[in-house]
Amino acid sequence: MNFIVPDEVDFVIDMLQRSGYEAYLVGGAVRDLIMGNTPKDFDITTNAKVNDIQNIFKDYNQFSNGGFDHGTVSIIINEMTLEITTYRGDDATLLSDLAKRDFTINSLAYNKMRGLIGIKEGENLIGFDDINYKVIRCVNSPVDRFNEDPLRILRALRLAVTLDFNIETFTKKMMFYYKDLLHDVAIERIREEFNRIIVSPNAYKFLHEYREIIAVFIPEIEDMFDFDQKNKYHPHDLYTHTVNVVAGVKPELEVKLAAFFHDIGKPRSVVYDKDLGASYYHYYNHPKVGAEMTKDILKRLKMPKIVVDDVYLLVLYHDYDFSLSLKNTKRLLYKLGANSNELFLKLIDLKRSDYQDHVGIEKFIVDLDKVVENYEKIIKEKECFKIKDLAINGDVIVGFGYHGEEIGKKLVQILNLVIDGKINNTKEDIINYLNSEKEEDKNV
């Protein structure tokens with residue numbers, strides 16, 4: 001079996017071999033090539049030590065994210081980064097290295113001289129067969145692999161989600177058995193795996209089955225498990241509804257996260273129906289409760305601030321009372337803040353998916369396509385919906401005797417009047433309004 005690999009990969013392998021060492025392309029890149037996909041990263045394994053690698057490639061830029069003492073050197077060739085790692089394992093051979101890999105589908109090595117190499121079962125390469133049968137299984141013992149690096153529990157799930165593979169029965173069983181080891185993993189590493197899981201189009205197939213694993217680092221979701229919403233508009237339990245909404249939105253991180261957390265505040269916001277009591281629930285305040293919970297969770301996961309802020313707003317306004325008026329859309333755009341243009345379309349996506357997992361709400365459904373038309377009209381015609389869009393600024397307000405917080409409050413009041421169409425967004429009309437208001441105050 002021969003693969004077409006970038007010239008830079010061939011060059012590195014050739015340089016190592018010419019220097020008397022073994023060298024192979026290994027891991028995910030080999031897996032991707034077998035599957036007919038284009039690898040994103042290229043890792044090379046060799047029996048050369050770090051000092052040898054550094055000497056062979058002394059004329060090229062080198063670095064090591066984990067430190068050179070961990071046996072890895074990254075080389076930059078023609079703007080391509082290739083990671084070169086010394087064989088792992090007690091015997092320091094290719095097969096001992098492959099035996100220390102995480103999953104069989106990543107335990108294959110390749111070079112042009114020897115072709116495809118891996119751990120065998122009889123005459124078959126286990127990794128090659130598992131790729132063909134779409135199976136995720138640990139190399140040798142999952143007990144050893146998960147104890148060596150507990151993040152592999154989450155990585156197995158991520159690979160199953162992104163590749164649309166199944167997880168082998170014993171590997172799956174040990175994932176649940178050792179799930180609490182994830183408490184010992186740096187939250188940044190967990191975050192990166194979770195983000196890759198949640199944006200995958202196949203995430204919904206796994207989020208329910210592996211929910212207890214996700215709950216290790218997001219325990220707040222446990223309250224949603226099998227939660228009977230006791231509401232005629234909701235045919236599913238709360239967590240099933242959540243997974244269905246995740247499935248319906250676009251594969252963008254902020255909207256996927258918002259879909260996952262949009263109703264997380266419901267269990268803490270239950271209000272009994274005044275006539276039906278505990279047999280029927282309302283959740284009037286759940287967007288606000290859920291938004292605050294979401295912010296705390298995302299901060300704990302050390303998400304970037306812009307992600308935290310955007311997802312907070314999406315959860316806060318996911319139940320916004322849309323109407324077909326331009327005024328309503330402008331008010332929402334104002335509420336969404338500085339990133340409103342991008343967030344508005346994400347919120348529409350979230351709202352549309354949320355609608356689809358309800359029943360009997362036909363009379364409440366707003367034509368979201370029409371709302372988007374309103375939005376596009378507002379943007380195209382540069383209509384005012386932000387304070388910075390006003391024809392005046394704070395200096396004008398100061399000139400009318402306002403100070404401190406009064407300035408901001410007055411600008412908001414004027415913006416609302418402009419949005420409502422009660423005054424025009426011109427400097428002349430706004431000043432006339434301020435003058436008339438001042439006269440009224442004198443007459444009081």
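**Close-up 1. Lining of the second largest pocket in the predicted model****.** In this predicted model, the second largest pocket is lined by 21 residues, and those that lie nearest its centre are Tyr 233, Asp 319, Lys 351, His 358 and Phe 364. The space in this pocket comes to about 640 Å³. Helix H17, which spans residues 340–356, provides three residues, the largest share of the lining. By class, the lining of the pocket comprises nine nonpolar, six polar and six charged residues.

**Close-up 2. Packing of helix H12 with helix H13****.** Helix H12 (residues 238–248) packs with helix H13 (residues 253–261) at an angle of about 165 degrees, and the two axes lie 8 Å apart. Because angles over 145 degrees count as roughly antiparallel, H12 is described as roughly antiparallel to H13. The crossing of H12 past H13 is right-handed. From H12, the residues that make the contact are Tyr 239, Thr 242, Val 245, Val 246 and Ala 247, while H13 contributes Lys 256, Ala 259 and Phe 260. Six nonpolar residues, one polar residue and one charged residue make up this contact of H12 with H13.

**Close-up 3. Packing of helix H9 with helix H13****.** Helix H9 (residues 187–198) packs with H13 at an angle of about 90 degrees, with 9 Å between their axes, and H9 is therefore roughly perpendicular to H13. On the H9 side, Phe 194, Asn 195 and Ile 198 meet Leu 253, Lys 256, Leu 257 and Phe 260 of H13. The contact of H9 with H13 consists of five nonpolar residues, one polar residue and one charged residue.

Note on methods
Residues numbered from 1 in each chain as written. Predicted model: local features only at pLDDT ≥ 70, side-chain atom pairs only at ≥ 80, totals over all residues. Heavy atoms only, no water. 1 Å grid on protein atoms, 1.4 Å probe; cavity = no way out; pocket = protein on both sides within 12 Å on 5 of 7 lines; lining within 4 Å. Points joined across faces, edges and corners; volume = space filled by probe spheres on them. Helix = DSSP H or I, 4+ residues; strand = E, 2+ residues; numbered from the N terminus. Nonpolar A, V, L, I, M, F, W, Y, C, P; charged D, E, K, R; others polar. Axes fitted to C-alpha atoms, helices over the stretch in contact; angles between N-to-C directions. Parallel < 35°, antiparallel > 145°, perpendicular 65-115°, else oblique. Left-handed = near helix turned anticlockwise from the far one by under 90°. Contact = heavy atoms within 4.5 Å.
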